[in-house]
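This report describes one protein model together with its ligand. Please look over the sequence and the structure before reading on.

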Amino acid sequence: RSSTGMTCAKALQLTLAVIKPDAVAHPLILEALHQKIVENFIIIRKKDLTWRRGDSERFYAEHAGRFFYQRLVEFMSSGPMRAYIIAREDAITHWRGMMGPTKVFRARYTSPDSLRGQYGLTDTRNTTHGSDSIESARREIAFFFPEFLADTWMKMEEPGFRLG
Ligand code: GDP
Ligand code: MG
């Protein structure tokens, strides 16, 4: 409690979490990942969607030209995904930590309990996406949830609840 008698909550943070097509295609893995999210975060929004190839290309434009880009773009538009806006303290770091390393063999050997370590199939089919910074969380939430007005939504929340 602060000197004014008000409870001093630590700032909550929003991030984007996505269950990728490989994991959505497997009902038990989808359910396991969903439960992990429920246990660790407040779910603010949730939607199932399927990308067209162009969505995939725009979202991953930063990787254009990398050797895995075509495969990545193809994969991410190959079937349904599930996206969430999730909240907690240090949400960005917490979700990235739960996911584990990008590359599946590294995940399996160095973080076997991580989501990618447990359920990842290959470096491309690695189960989940998470924003990696405050800026990318903002951009990526808007990409997946264009109807979600983050700033307006934030204004209606308690002070201390912020995007970032
Ligand atoms: P993330 O933020 O951990 O998802 O990793 P990046 O932003 O570096 O890469 C985006 C996505 O591209 C990853 O999640 C993988 O699906 C894919 N990817 C990244 N690096 C590799 C790689 O070396 N090989 C393959 N096949 N896919 C990769
Ligand atoms: Mg990334």
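The model is predicted: local features need pLDDT of at least 70, side-chain atom pairs count only at pLDDT 80 or more, and totals for chains, interfaces and linings use all residues. Residues are numbered from 1 along each chain as its sequence is written, while chains are lettered from A and ligands numbered from 1 in the order in which they are written.

**Domain and strands**

An unreviewed UniProt entry assigns the annotation "domain: Nucleoside diphosphate kinase-like" to residues 12-151. UniProt positions follow the numbering used here, feature names are shortened, and annotations may be inferred rather than shown by experiment. The span is 48% helix and 20% strand, and its end C-alpha atoms lie 14 Å apart. Helices (H or I, at least four residues) and strands (E, at least two) are DSSP runs, numbered from the N terminus.

Strands count as paired if DSSP finds at least two bridges between them.

| Pair | Bridges | Direction | Opposite residues |
|---|---|---|---|
| β1 and β3 | eight bridges | antiparallel | Leu12 and Glu89 |
| β2 and β3 | seven bridges | antiparallel | Lys46 and Tyr84 |

**Helix α8**

Helix α8 (residues 134-144) has Ala137, Glu140, Ile141 and Phe144 as buried residues. They lie on the same side of α8, because they cover an arc of only 105° around the axis; the arc is that of the directions from the helix axis to the C-beta atoms. A residue is buried if 20 or more other C-beta atoms lie within 10 Å of its own, exposed if 12 or fewer, and partly exposed in between, with C-beta atoms placed from the backbone. The buried residues of α8 pack against β1 (12-19), β3 (81-89), α5 (91-99) and α9 (150-155).

**Ligand surroundings**

Ligand 1 is surrounded by Phe68, Arg71, Leu72, Thr102, Lys103, Asp123, Thr124, Asn126, His129 and Asp132, where near means a C-beta atom, placed from the backbone, within 6 Å. This shell divides into two nonpolar, four polar and four charged residues. Ala, Val, Leu, Ile, Met, Phe, Trp, Tyr, Cys and Pro count as nonpolar, Asp, Glu, Lys and Arg as charged, and the others, Gly among them, as polar.

The unreviewed UniProt entry places the feature "binding site" at several residues, among them Phe68 and Asn126. Phe68 sits in the loop between α3 (53-59) and α4 (69-76) and is exposed, because 12 other C-beta atoms lie within 10 Å. Asn126 lies in the loop between α7 (115-119) and β4 (128-130) and is buried, with 24 C-beta neighbours inside 10 Å.

Conventions:
Contact = placed C-beta atoms within 7 Å.
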